[in-house]
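Subject: Structure handover

Hello,

Here is the structure I promised to pass on. Please open it alongside this note. My findings follow below.

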Amino acid sequence: MNMDRLITLFRIPCPTSSATWAQVWFELRSSGLRVLTFGLGMAVLIYFLFAMGVPYIPFRPFAIIAVTGGVPATVLIFARNAFGIRRKQKRAYISAFEATQPCGTAQLAGVKLLVRMACVLVAMVAVGGSAWASSSLMKAWGPWSANDTKNTSQTLLQTRSALEKDLFGTEGYEFALQVVNTLLFVIIVVAALAAFSALFARYSRRLLVSGSLLSLWLLALRIGRDFLPQAIYSAMPWIVVAALLFATGYFLWSGFKERALTTGYVCGAVVIAVANAVACLPGSFSSILGTVLLPLLPCVLAPWALHRVRHT
Amino acid sequence: MGQTVVEVNDLSRSFGDETALDGVSFRATAGQVYGLVGANGAGKTTLLKHLLGLLSATSGSVRVFGLDPVTDPVGVLSRVGYLSEEHELPEWMRVDELMRYTQAQRPTWDAAYARELLETFGLDPARKIKELSRGMRAQTGLISAVAHRPELLILDEPSSGLDAVVRRDILDAIVRAVADDGRTVIFSSHLLDEVERMSDHVTLIHQGRVTLSGVLDEVRGAYRRSRVRFAEHFDKPPVLENALLMEGGGRTWSVVHSGPLEQFRQSVTARGGEVVESRDATLEEIFLARAGRSRQQQEAA
Amino acid sequence: MDITINLADGVPIYRQIVNQVKYLVASGLLQPGEELPPIRMLALQLKVTPNTIVKAYGELETSGAIQKRQGSGTFVSEGRTQQVALRERRRLIEQRIDALLAEAHQLNFTADDILRMVRERKAAMDETTSGAAEEKKEVER
């Protein structure tokens with residue numbers, strides 16, 4: 001499959017009137033369309049597998065794998081590295097071409113994240129929609145083999161309707177809530193993965209060390225469950241929230257000092273954070289604070305990390 | 001005119017254990033051409049990357065148009081055109097798409113000038129950058145660097161590995177930038193004849209330090225190449241005051257030396273010789289004397 | 001304007017331009033009142049920085065060899081050209097003589113030797129030219 005030819009179908013000329021729209025065009029052409037085309041491809045593949053499963057039994061397990069693996073894969077694989085950080089030999093960097101454009105880091109980060117989020121969402125809708133529509137074809141599947149006493153197709157269909165109720169709910173507002181949750185989830189994942197890849201590009205050693213320390217600490221907590229005082233465990237959520245608060249505060253201050261963050265960008269991040277908290281209501285105070293900080297930290301960290309990669 | 005465009009003060013930079021720059025100071029005023037010379041790995045690219053904000057100054061300060069390129073990338077980069085040896089242009093873009101994209105990012109884009117350059121270079125706007133040869137990529141990068149008439153043009157080894165036609169295009173662009181608009185150009189090159197023709201000021205960087213910096217004619221005037229003839233035969237070059245490089249053998253030697261001619265003449269006469277001819281040194285001779293290996297240095301070692 | 005730059009000379013570029021323009025004026029290849037190429041064009045032609053041309057033209061203007069007319073360009077000076085021409089021609093020949101003397105000294109000839117040899121070479125050159133002229137007359141007959 002020649003990616004270039006597919007992308008040629010979407011050839012829109014670069015808008016020259018506004019720098020921001022030109023940047024959006026650039027992001028779409030450099031990485032966004034790839035995500036969309038693969039999403040579309042996967043959607044088509046899922047339908048194909050389920051349809052082929054009607055007459056040919058060997059296709060059926062692949063169809064199930066495609067659905068159960070397809071949607072999470074879409075999010076994780078396509079959401080990663082929104083900043084387009086490349087690796088060459090031992091160095092990780094963003095291209096000098098992008099780094100020397102007359103664009104502020106916060107705005108650059110914002111455009112990259114938003115375009116990638118939009119593409120991932122569209123790809124998710126395509127794949128998810130295809131999964132939902134194609135899986136209804138299971139009704140036409142019938143028995144899987146001569147001794148199919150467990151009636152595999154029936155079991156699968158039951159699982160499907162249970163999932164349907166869980167995801168889409170019975171009321172209209174439950175569905176709307178799910179949509180908002182999905183949106184927020186994608187935003188957070190894209191921002192977090194972008195921030196992580198940028199941090200890893202610049203501070204790989206420090207990340208590995210702190211990651212190891214964190215894992216050791218969690219392991220210690222797990223092992224010491226029986227003989228460590230209970231107070232530590234009940235205080236844990238507060239400790240986590242305090243750490244998140246401290247980290248967010250630090251990166252906000254540092255970001256503004258180095259002009260990696262702008263008020264516009266931070267306002268956008270705050271809106272997302274508050275929306276996330278509202279969507280997760282009700283809860284204890286620490287959990288509300290946690291749901292505000294959880295998206296806020298990656299959103300603030302992302303341009304800060306991009307700034308560090310751009311200006312090594 | 002005469003305003004400071006770039007000001008670098010006591011800039012130092014290390015990558016791990018390697019020192020790339022050590023206390024480098026550099027100043028550029030408007031309307032002049034600055035040539036940076038030095039051996040590979042001397043620190044030229046590192047210095048230029050600091051001007052663009054690609055590297056952040058950890059020790060010392062960098063100011064372009066009075067702004068810090070790290071905290072104000074928009075203020076600096078909107079007035080800078082950049083062309084580097086690596087030409088990191090996006091491979092998937094077409095030439096015309098690159099023009100449109102750069103036009104959108106730079107309000108000072110001169111579409112007529114861009115079109116004129118495209119025609120002169122004979123570039124096909126519909127071709128993808130990855131299909132272009134190295135020379136054509138350099139030409140494309142050159143257009144996107146100069147067509148928005150930047151106040152400061154930074155060229156990092158722009159001519160390396162390119163044929164004479166493309167090199168001429170690049171030199172023409174430098175001339176036009178300075179002659180037409182009074183813009184400033186800073187370029188690094190290891191092609192010394194290019195630097196000698198095109199620079200008003202020359203800065204020699206050797207192992208991360210600035211060993212020479214000044215108006216080209218003055219720098220050249222401070223060094224002379226003299227031919228000396230001695231009464232006696234020498235196997236190894238005799239030690240002469242201010243001599244930096246000695247070539248030749250036996251009785252006749254060719255010396256590159258600093259300082260006034262009279263002083264050198266006295267030193268030669270003291271050793272029983274005479275100065276047969278003397279002229280200003282060329283940039284290549286100065287470079288080899290200051291940054292290269294000389295027999296005298298090797299003897300001393 | 002036929003000017004070439006030689007980097008191996010050791011002579012600053014602006015000085016080479018000044019010298020060559022003076023030579024062109026002195027030899028009559030540049031007529032009084034003739035227009036010199038604009039700075040930008042000459043810089044592009046020679047592949048040198050325009051500021052060098054500015055410097056060269058500046059010096060030529062100070063010495064009176066050229067004149068900048070407001071708005072129309074730069075022109076070779078009229079009237080004074082004769083004086084400039086003579087001074088220039090003398091200077092050029094003197095440069096050649098200095099080089100000849102230095103070389104002669106290196107090859108162990110005295111100034112008297114040189115003068116004698118100049119007369120000998122001139123006589124030889126006159127003979128060949130008159131011989132050639134006679135041959136020409138022979139052919140024409």
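**Two loop residues in chain C**

C:Asn108 sits in the loop that links helix 4 (81-106) to helix 5 (111-140) of chain C. Please keep in mind that this is a predicted model. The phi of C:Asn108 is positive, near 70°, and the residue is not a glycine. For context, most residues other than glycine have a negative phi. Is C:Asn108 buried or exposed? C:Asn108 has 7 other C-beta atoms within 10 Å. The cut-off for exposed is 12 or fewer, so C:Asn108 counts as exposed.

C:Lys47 also has a positive phi, about 60°, and is not a glycine either. Look for C:Lys47 in the loop between helix 2 (39-46) and helix 3 (50-62) of chain C. C:Lys47 has 17 C-beta neighbours inside 10 Å.

**Chain B: overall build**

Chain B has 301 residues, and 48% of them count as buried. Its secondary structure comes to 11 helices and 12 strands. Along the principal axes, the C-alpha atoms of chain B fill a box of roughly 70 × 40 × 40 Å. Take the contacts in chain B with a separation of 6 or more: 71% of them join residues 24 or more positions apart.

**Chain B: two domains**

Where do the domains of chain B run? The domain assignment gives domain 1 as 4-214 and domain 2 as 222-300. The C-alpha centres of domain 1 and domain 2 of chain B are 37 Å apart. The two domains touch: 11 residues of domain 1 of chain B and 6 residues of domain 2 of chain B take part in the contact.

Which elements of domain 1 of chain B supply at least two residues each to the side that touches domain 2? They are helix 7 (192-198), strand 8 (201-206) and strand 9 (209-215) of chain B. On that side of domain 1 of chain B, 7 residues are nonpolar, 3 are polar and 1 is charged.

**Chain A: confidence**

Chain A has a mean pLDDT of 85. In chain A, 95% of the residues reach 70 or more. Where is confidence lowest in chain A? Helix 1 (residues 3-8) of chain A has the lowest mean, at 55. Confidence in chain A is highest in helix 4 (residues 96-99), at 93.

Best wishes

Note on methods
Residues are numbered from 1 along each chain as its sequence is written. Chains are lettered from A and ligands numbered from 1 in the order in which they are written. This is a predicted model: local features need pLDDT of at least 70, side-chain atom pairs count only at pLDDT 80 or more; totals for chains, interfaces and linings use all residues. Domain bounds come from an automatic or database domain assignment. Two residues are in contact if their C-beta atoms, placed from the backbone, lie within 7 Å. Helices (H or I, at least four residues) and strands (E, at least two) are DSSP runs, numbered from the N terminus. Ala, Val, Leu, Ile, Met, Phe, Trp, Tyr, Cys and Pro count as nonpolar, Asp, Glu, Lys and Arg as charged, and the others, Gly among them, as polar. pLDDT is the predictor's confidence in each residue, from 0 to 100. A residue is buried if 20 or more other C-beta atoms lie within 10 Å of its own, exposed if 12 or fewer, and partly exposed in between; C-beta atoms are placed from the backbone.
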